[in-house]
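Hi there,

Here is the structure I promised to pass on to you. Please have a look at it first, and then read my notes below.

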Amino acid sequence: MSACEHMVAADDPAARTPEGCEECLKVGARWVHLRRCLECGHIGCCDSSPLRHATAHFNETGHPVIRSFEPGEEWRWCFVDQSIG
């Protein structure tokens with residue numbers, strides 16, 4: 001399976017808040033899993049988390065590709081093409 005054009009073009013920026021979800025940290029909320037935006041390094045919580053900040057970040061910015069920010073996980077997800085890589 002080949003990666004979509006967004007995954008091919010994705011960068012690998014450093015995490016802006018490596019200690020956790022940027023928005024959850026601000027409001028004292030909890031998350032289930034973390035995702036890192038491959039355009040700007042935003043760390044957001046997954047869709048299993050109550051506030052779903054990774055998807056909200058995509059909806060606000062249009063940044064298409066996230067990567068799991070969980071130890072040992074290497075997968076990426078493209079919101080635009082709804083594909084995993």
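**What I found**

Arginine 52 is partly exposed, with a relative accessible area of 47%. On that scale, buried means under 20% relative accessible area, exposed means over 50%, and partly exposed is in between (1.4 Å probe, protein chains only).

Before going on, a word on the source: this is a predicted model, in which local features need pLDDT of at least 70, side-chain atom pairs count only at pLDDT 80 or more, and totals for chains, interfaces and linings use all residues. Residues are numbered from 1 along each chain as its sequence is written, and side-chain values use heavy atoms, leaving out hydrogens and water.

Back to arginine 52: where does it lie? You will find arginine 52 in the loop between strand E2 (43–45) and helix H3 (53–61). Its phi is near 50°, a positive value in a residue other than glycine.

Glutamine 82 also has a positive phi, about 50°, although it is not a glycine. Look for glutamine 82 in the loop between strand E4 (76–78) and strand E5 (83–84). With 54% relative accessibility, glutamine 82 counts as exposed.

Now to helix H3 itself. Its buried residues are His53, Ala54, Thr55, His57 and Phe58. What covers them includes helix H2 (22–27), strand E1 (34–37) and E2; contact here means heavy atoms within 4.5 Å.

Stepping back to the whole chain, there are three helices and five strands. Helices (H or I, at least four residues) and strands (E, at least two) are DSSP runs, numbered from the N terminus. Along the sequence they follow the pattern α-α-β-β-α-β-β-β. The radius of gyration of the protein chain is 12 Å, close to the 12 Å that the globule rule gives for 85 residues, so the chain is as compact as a globular protein of that length. That radius is taken over C-alpha atoms, and the globule rule is 2.2 Å times the number of residues to the power 0.38. Along its principal axes, the C-alpha trace spans about 40 × 25 × 20 Å.

Buried residues make up 41% of the 85 residues in the chain. Of the contacts between residues at least 6 apart in sequence, 47% join residues at least 24 apart.

Happy exploring, and write back with any questions!
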